[in-house]
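Please consult the sequence and the model while reading.

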Amino acid sequence: DELARVPFDSILGAEAAAEALDAHDFAGPPQCLLAGALAAAYVGVASCERWRPHALSLDWGLEGRDSLRDHPVERCQRGEMEGDALLEDTLRQLTEASESVRRLAPVDEHVSFRACLLVLTRAFDLSHLRDGLNPALAPVADLFNHPSSTTLPERLQSISVSGLAVQSTSDGDDLVVRAPRGYDPRCGDELYNWYGNAGYGKTGSVEEWREAEDKFYYQYGFRMW
């Protein structure tokens, strides 16, 4: 049931990013450090070289390839959709983060903003496996999509979250991604990771549920239901 092994040394965490960028006194969000190191790796800064292969595999919105073009933050920035207060705040935070990234790495505005958006949509918490990895960017482990009602086969919709998603464990110096435990995947099945509940099982008002769903949408760029 082992799908992949990823050396922890190749995973970008905030502590390693601060070390590589010589930014130990940086007082901003740790996501900015990740975005700074990711952007620096992308443009070839030597101290971030170990993350360059992962950085080059990601979508920087160049040469007609832009899988994040329809992300609500991108559309709001281009004036193609009117943002509510939550979306406007998300765009503001990313813009401020982008400014921080340009102080951390020798990159232009496009690269810094895209690095922040990549961190927003791909970083996750691996601190249960190793300290200093919340948030973190992990090669291979970030390939798995979150299940949604439009992508999940009907035969899998009754399976619990713990049984549906791939599992992240550690073995020595490696992050190990293992197959789901709740079913036997068939040839051609897509495998999923679980990003967050987005209001699922949430008690309270409909407005609170919708706010949780909107937060998920503005972070990952799609609605899970």
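Q: Which side chain does the side chain of Gln 167 join in a polar contact of 3.5 Å?
A: The model is predicted, with local features requiring pLDDT of at least 70 and side-chain atom pairs pLDDT 80 or more, whereas totals for chains, interfaces and linings use all residues. Residues are numbered from 1 along each chain as its sequence is written, and side-chain values use heavy atoms, leaving out hydrogens and water. A polar contact is a pair of N or O atoms within 3.5 Å; within protein, one must be able to donate a hydrogen and the other to accept it, and residues adjacent in sequence count only if both atoms are side-chain atoms. The partner of Gln 167 at 3.5 Å is Arg 181.

Q: Which backbone oxygen does the side chain of Gln 167 reach?
A: Gln 167 lies in strand β4, residues 167–171 (strands are DSSP runs of E, at least two residues, numbered from the N terminus). At 2.9 Å, its side chain reaches the backbone oxygen of Ala 165.

Q: Why does Gln 167 count as buried?
A: Buried means under 20% relative accessible area, with a 1.4 Å probe and protein chains only. Gln 167 counts as buried because its relative accessibility is 19%.

Q: What share of the 225 residues of the protein chain count as buried?
A: Gln 167 is itself a buried residue. Across the 225 residues of the protein chain, the buried share is 45%.

Q: What is the average pLDDT of the protein chain?
A: pLDDT is the predictor's confidence in each residue, from 0 to 100. In the protein chain, 96% of the residues score at least 70, and the average is 91.

How values were computed
Helix = DSSP H or I, 4+ residues; strand = E, 2+ residues; numbered from the N terminus. Buried < 20%, exposed > 50% of the residue type's maximum accessible area, 1.4 Å probe, protein only.
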